[in-house]
Amino acid sequence: MRIDVVTIFPEYLAPLRAALLGRAIERGLIQVDVHDLRDWTHDVHRAVDDAPYGGGPGMVMKPQVWGDALDAVCDEGTRLIVPTPAGRPFTQAMARAYAAEEHLVFACGRYEGIDQRVIEDAARRMPVDEVSIGDYVLVGGEAAVLVIVEATVRLLPGVLGNPVSAEQDSFSDGLLEGPSYTRPEVWRDLAVPEVLRSGNHALIDRWRRDQALERTLRRRPDLLERLPEDSLDSRDRAV
Ligand code: ADE
């Protein structure tokens with residue numbers, strides 16, 4: 001998979017080369033390029049923004065600069081992702097869909113956003129998603145790109161040491177994951193739940209499922225409401 005990011009703060013994307021993502025790059029599983037939007041400006045001030053039509057606070061990013069940048073970076077196989085608090089909420093299902101793409105391009109807006117015609121024009125040639133990572137406002141799209149890329153790349157075959165961890169994630173079965181424990185058996189008077197030390201794997205699986213159900217009910221009842229009816233068995237319903 002190829003990933004291109006266009007931003008006015010290329011240094012903000014340095015974490016894309018760290019840890020899990022860095023290893024995926026080294027192993028040739030992904031190719032990542034970060035571009036400075038100002039490389040496509042034509043004036044001495046390298047201006048990327050201008051006052052909004054209709055008035056109001058803040059500045060809007062100029063269409064000519066973004067148009068030239070996207071013309072240079074996008075090709076036939078591109079999906080363009082524009083992080084914005086006004087976008088569709090990012091989900092695990094979207095991460096799975098992005099993991100199947102061959103080329104993702106991220107356009108990071110700052111200020112009050114990018115002139116909407118940039119998105120309209122790009123959508124004439126490629127799929128475009130305006131995506132939000134949550135109901136809060138960041139200063140720009142860069143932190144959202146780090147979130148979306150990490151959630152996507154960890155799903156690529158060969159990126160995680162143990163692929164079962166991606167399968168057992170919170171959200172992959174529609175539930176939050178329950179608690180985990182490691183040694184020692186007792187720490188600061190707190191003991192690991194007996195059942196996890198029983199060696200009875202049917203009992204352990206049932207206990208984990210009950211913990212996931214209870215946690216989801218307490219913290220995210222909205223997720224339980226969205227579960228397909230046939231994904232709960234009679235023991236689940238008792239919880
Ligand atoms: N840019 C600013 N806030 C954002 C958010 N919540 N999600 C995605 N991009 C953003």
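**Group meeting: a predicted protein chain with its ligand**

Let me open with Ala19, whose place is in helix α1, where helices are DSSP runs of H or I with at least four residues, strands are DSSP runs of E with at least two, and both are numbered from the N terminus. Phi of Ala19 is near 50 degrees, a positive value in a residue other than glycine. Ala19 counts as exposed because 10 other C-beta atoms lie within 10 Å; in this scheme a residue is buried if 20 or more other C-beta atoms lie within 10 Å of its own, exposed if 12 or fewer, and partly exposed in between, with C-beta atoms placed from the backbone.

Residues are numbered from 1 along each chain as its sequence is written.

Now to the chain as a whole. The secondary structure of the protein chain comes to nine helices and nine strands, and the C-alpha trace spans about 70 × 40 × 40 Å along its principal axes. The radius of gyration of the protein chain is 22 Å, whereas a compact globule of 239 residues would have one near 18 Å; the radius is taken over C-alpha atoms, and the globule rule is 2.2 Å times the number of residues to the power 0.38. Of the 239 residues, 26% count as buried.

From the UniProt record, in an unreviewed entry, comes the feature "domain: tRNA methyltransferase TRMD/TRM10-type" at residues 1–225; UniProt positions are given in the numbering used here, feature names are shortened, and annotations may be inferred rather than shown by experiment. That span is 33% helix and 19% strand, and its end C-alpha atoms lie 35 Å apart.

Strand β1 (residues 2–7) and strand β2 (residues 31–36) pair in the parallel sense over six bridges, pairing being called when DSSP finds at least two bridges between two strands. Between these strands the chain crosses through helix α1 (residues 19–26), and this β-α-β crossover is right-handed, meaning that, with the strands pointing away from the viewer, the path from the first strand over the helix to the second runs clockwise. In the loop between β1 and α1 lies Phe9, which is partly exposed because 14 other C-beta atoms lie within 10 Å. Phe9 and Arg110 are 101 residues apart in sequence, yet 9.8 Å apart in space, C-alpha to C-alpha.

Which residues surround the ligand? The ligand is surrounded by Pro83, Thr84, Pro85, Ser132, Ile133, Gly134, Tyr136, Val137, Leu138, Gly140, Gly141 and Ala144, a residue being near a molecule if its C-beta atom, placed from the backbone, lies within 6 Å of it. Strand β5 (residues 78–89) contributes the largest share of this shell, three residues. The shell divides into seven nonpolar, five polar and no charged residues, where Ala, Val, Leu, Ile, Met, Phe, Trp, Tyr, Cys and Pro count as nonpolar, Asp, Glu, Lys and Arg as charged, and the others, Gly among them, as polar. The UniProt record, again in an unreviewed entry, places a "binding site" at Gly109, Ile133, Gly134, Asp135, Tyr136, Val137 and Leu138.

Tyr136 is found in the loop between β7 (128–132) and α5 (142–153), and Tyr136 counts as exposed because it has 7 C-beta neighbours inside 10 Å. Val137 has its place in the loop between β7 and α5 and is exposed, with 9 other C-beta atoms within 10 Å.

For contrast, consider two buried positions. Phe106, in strand β6, is buried because 25 other C-beta atoms lie within 10 Å, and Ile114, in the loop between β6 (103–107) and α4 (116–122), is buried with 24 C-beta neighbours inside 10 Å.

I will end with backbone geometry. A cis peptide bond joins Arg183 and Pro184, with omega about 5 degrees, and Pro184 has its place in the loop between α6 (163–167) and β8 (186–187). Arg188, in the loop between β8 and β9 (190–191), has a positive phi of about 50 degrees although it is not a glycine, and Arg188 is exposed, with 5 other C-beta atoms within 10 Å.

Methods: Predicted model: local features only at pLDDT ≥ 70, side-chain atom pairs only at ≥ 80, totals over all residues.
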